[in-house]
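My notes follow in the order I looked things up.

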Amino acid sequence: MKFNYDDIRSGNATCTFEINDKKMEFYPSFHSDALGDFVTYLASVHPLCKLSWKEGAFHKRNGGIEWHTGPVLLCWEFKRDFEDLEIIITEKQNFIVERKVNDKLPKKILKTKCNFEEFVLCVVKELDRMIKQRGILGYRQEWQYYTFPIDGFLALKHACLYKKPFEITKKNSGTVIEDELNLLLSTLE
């Protein structure tokens, strides 16, 4: 399984996704917060990313998320069943870009199952590579309209490394910035 999010520039990116002997390439644009929505959505289905200080911090999204990829909306949907994750990717027409009805859409391009923790780890490793390569401000400069999804990333990374949710301190009703920075800079194996 591979998840790569590369070639980020001028509000466009390339996402390569390989799973169960299928390889797909997608080209999200700045018309949606593709990576941010994806990470937040993944955190919303992760049982350890409930961010214990606020129920629903990563609220469950029914129906998944959409990436704007020009005339097509790429819809991601996750259905978690304990250790299994069903991933459904559907192409739908983006009527904002193309008003003439495309009879071939919607079209399901992927429906598969995988191990939930393996998928999360695969995504988190890619996010970790990206943030260490580009930096928070560097990502924003290249993607333009949206920032790196640092909160969802840190919650998912903490869940992968420690198998428990990120805790808040009773003293300040918040997190400890040093812990967050250490988590950001820590290495996944």
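This is a predicted model: local features need pLDDT of at least 70, side-chain atom pairs count only at pLDDT 80 or more; totals for chains, interfaces and linings use all residues.

How many salt bridges does a search of the whole structure find? I ran that search and got eight.

**Entry 1: a bridge between separate parts**

I began with E117 and K163, whose side chains meet in a salt bridge with 3.9 Å from N to O. E117 belongs to helix α2 (residues 116-134) and K163 to the loop between α4 and α5 (177-185), so this pair ties together parts that are 46 residues apart in sequence. A reminder to myself: side chains of opposite charge can pair when their charged atoms come close.

Next I looked up R129, which forms a salt bridge with E126; their closest N and O atoms are 2.6 Å apart. Within helix α2 these residues are three apart, so about one helical turn separates R129 from E126. Is E126 buried or exposed? I found E126 buried, at a relative accessible area of 5%. R129 has 31% relative accessibility and so counts as partly exposed.

I then turned to D128 and K132, another salt bridge, where the closest N and O atoms are 3.0 Å apart. D128 and K132 are four residues apart in helix α2, so they too are separated by about one helical turn. D128 is buried, with a relative accessible area of 7%, while K132 is partly exposed at 40%. I also traced shared partners: salt bridges join D6, E126 and R129 into one network.

**Entry 2: the chain as a whole**

I stepped back to see the overall layout. The secondary structure comes to five helices and seven strands. Reading along the sequence, I noted the pattern β-β-β-α-β-β-β-β-α-α-α-α. The chain has 189 residues, and 44% of them count as buried.

For contacts between residues at least 6 apart in sequence, I noted that 57% join residues at least 24 apart. The chain exposes about 10700 Å², and carbon and sulfur atoms supply 49% of that area.

**Entry 3: aromatic pairs**

How many aromatic pairs does the structure hold? I counted 18 of them. In the pair F30 and Y145, the ring centres are 5.1 Å apart and the planes stand at 50 degrees, so I logged the pair as tilted. This pair links distant parts of the chain, 115 residues apart: F30 sits in the loop between β3 (22-26) and α1 (34-45), and Y145 in the loop between α3 (136-143) and α4. F30 is partly exposed, with a relative accessible area of 22%, whereas Y145 is exposed at 52%.

What kind of pair do the rings of F148 and F153 make? Their centres are 5.7 Å apart and their planes are at 80 degrees, so I wrote down edge-to-face. Both residues came out as buried when I looked up their accessibility: F148 has 4% and F153 has 0%.

I also found one aromatic cluster formed by F3, Y5, F17, F26, F38, Y41, W67, W76, F78, F119 and W143.

**Entry 4: a charge over a ring**

Where does R80 lie? I found R80 over the face of F116, at 5.0 Å from the ring centre.

**Entry 5: a look at I150**

My last stop was I150, which has its place in helix α4 (residues 150-162). With a relative accessible area of 27%, I150 is partly exposed. Which residues does I150 touch, not counting those up to four places away in sequence? I noted two names, I136 and L184. I also looked at L127, which is 23 residues from I150 along the chain; the C-alpha atoms of these two are separated by 9.3 Å.

E117 and K163 tie together parts 46 residues apart in sequence. D6, E126 and R129 are joined into one salt-bridge network. F30 and Y145 link distant parts of the chain, 115 residues apart.

Note on methods
Residues are numbered from 1 along each chain as its sequence is written. Side-chain values use heavy atoms; hydrogens and water are left out. Helices (H or I, at least four residues) and strands (E, at least two) are DSSP runs, numbered from the N terminus. Buried means under 20% relative accessible area, exposed over 50%, partly exposed in between (1.4 Å probe, protein chains only). Contact means heavy atoms within 4.5 Å. A salt bridge is a side-chain nitrogen of Lys or Arg within 4 Å of a carboxyl oxygen of Asp or Glu. Accessible areas come from the Shrake-Rupley method with a 1.4 Å probe; for residues, only the protein chains shown count as cover. Rings of Phe, Tyr and Trp (its six-membered ring) pair if their centres lie within 6.5 Å; planes under 30 degrees apart count as stacked, over 60 as edge-to-face and the rest as tilted. A charge sits over a ring if NZ of Lys or CZ of Arg is within 6 Å of the ring centre and within 35 degrees of the ring normal.
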